[in-house]
Amino acid sequence: MPESYMFRRVQAPDGTAGGVAHALASFIVGARERQLLPATREAALKCVLDALGSAGAAMDVPGVAATRDGAKRLLGRGAVPIWFSGGSGTLGAALLANSAATAALDLDDGYRRARGHPGAAVVPAALAMLSLRPVLSADEILGAIVAGYEVALRVAMARLSYAPSGAWSAYGVIAALGYLQGTSLECLAQAFAIAAQASPALPALAGLAGSDVKEGIPYGCLAGLAALEMAAAGATGPTDIFDMPTLFNGDVALADFGPAPLIEGTYFKPFGCCRHIHGALDALLLLQREHGFTAEDIDGMEVATYRATFNLANRPAPISLTDAQYSVPFCLAAAAIGGEAALLPLKQPMLSDPRIVRLARTVVVQPDPELESLFPARSPSRLTVTLRTGERIVSSVVDPRGDPARPMHRHELVAKFRQVTAHTLGPQQEEVLQGLQQFEHGETAPLVRALGLDWTK
């Protein structure tokens, strides 16, 4: 592992042995001197592309529009673009609105062992700084994104129990903004500590209906921004909190995970729904290609999966668009009828489609001990389709596309961007893609302009 990716305990300013908070802060300070390797830079560019596509696709979602308006009223107007809306706000307002848009349709990236979504927090935070500090280079922004993913994911994995992404989004925001602002080691350590006590304590609720709160990522972002500002003003937090074995496993937070930064292990989604559903969706589409059956031929479907999938509401007839993203039966039925494009993204009229709901009611979801042993490192499923002829077709164990073992390459993410934003950005999609291409080659202004345009005109 390159020297700048090593996590070591450092001495605190008072001369005592520093704990995890100071080690994380020391990493951020040292990472500013790092030159990104090509594979790491490519991973970060893919994360930016995917986050912007995820946000662009959600511009017409009512909850996203409400968050845009509420963010400006609550946190004020400023110079940071609220993406694709023609409006802008303070750093806090833009961070809240852009994070909410990125997470809204469950199209955003994730990391398996953290069981959550770093990009919806880290990418909006880093890109926001381009408007506040135009002298920042593209590589500085990408370096901040890499650092934000590294810290957020390490803290997420160090938790003793699962929590939704909003509970650890703050650390990625602190890392990314602190990297770009030149924040001192001690200030970063205090900010991490403040966030550890002040971030949303989101419960992991089984069977919860989908809502606009979802995983609370935007609120975790605000907690991170507030923690960093308070630390800069002199506030302190419990810097030993990450060393408390009843709350965190500090050894995991500082572990050597291999020769590459964690961002290179990010997964990307080919479908706009919870990742727990993706293995079954890939299995269904594979069986349809191999055996040539259609939705009308299906008498029933049985999904074998791991128990975390049962934390989803899994309603055959979802009560909202967000609820549909958390339904194995509904998403499988939608894909059987409409193909892969039906989930790029899910759309409101599908909720009242009687064909989808009727087929969804034939889907049974069952726990499988073999698959349980593979989670959370993997998120596989096995699908059995029973045809009206009585024939039963069983898939192999399928790991979802987009995982590092089955990666989505840049051209596939560009195709996803075009597909999911066609209804919101239309022909102006190319302005964003061109801005991203120029950003890749070091020119940042075109991307900032593209994000600040009013795409509703």
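**Rings and their neighbours**

Mentor: Start with phenylalanine 7 and phenylalanine 27: both are buried. Keep in mind that this model is predicted. Two rings count as a pair if their centres lie within 6.5 Å. By this rule there are four aromatic pairs. Phenylalanine 7 and phenylalanine 27 make one of them, and this pair is stacked. The centres are 4.4 Å apart, with 20° between the planes. Why call it stacked? Because planes under 30 degrees apart count as stacked.

Now place the two residues. Phenylalanine 27 lies in helix H1 (20-31), while phenylalanine 7 lies in the segment before helix H1. They are 20 residues apart in sequence, so the pair ties those two parts together.

Next, look at tyrosine 171 and phenylalanine 242. Their pair is edge-to-face. Here the centres are 5.7 Å apart, and the planes make 70°. Tyrosine 171 is in helix H7 (residues 169-181). Phenylalanine 242 is in the loop between helix H9 (217-232) and helix H10 (250-253). The two are 71 residues apart, and their pair links distant parts of the chain. Are they buried or exposed? Tyrosine 171 and phenylalanine 242 are both buried.

Go back to phenylalanine 7. The charged end of arginine 154 sits over this ring, 3.8 Å from its centre. So what do we have around phenylalanine 7? It has phenylalanine 27 as its stacked partner, and arginine 154 over its ring.

For orientation, finish with the open sheet. Four strands form it in the order E4-E3-E5-E6, with mixed pairing. Strand E4 (363-367) and strand E6 (392-394) are the edges, and each pairs on one side only. On average, neighbouring strands are turned by 15° against each other, direction ignored. Strand E3 (residues 298-305) and strand E5 (residues 382-387) pair in the antiparallel sense over six bridges. Glutamate 302 has threonine 384 in E5 as its bridge partner. Helix H11 (residues 278-291) packs on this sheet and touches E3, E5 and E6. The direction of helix H11 makes about 45° with that of E5. Helix H13 (residues 328-338) lies across E3, E4 and E5, at about 130° to E3.

Note on methods. Residues numbered from 1 in each chain as written. Predicted model: local features only at pLDDT ≥ 70, side-chain atom pairs only at ≥ 80, totals over all residues. Heavy atoms only, no water. Phe/Tyr/Trp six-rings, centres within 6.5 Å; stacked < 30°, edge-to-face > 60°. Buried < 20%, exposed > 50% of the residue type's maximum accessible area, 1.4 Å probe, protein only. Lys NZ or Arg CZ within 6 Å of the ring centre and 35° of its normal. Pairing = 2+ DSSP bridges. Axes fitted to C-alpha atoms, helices over the stretch in contact; angles between N-to-C directions. Contact = heavy atoms within 4.5 Å.
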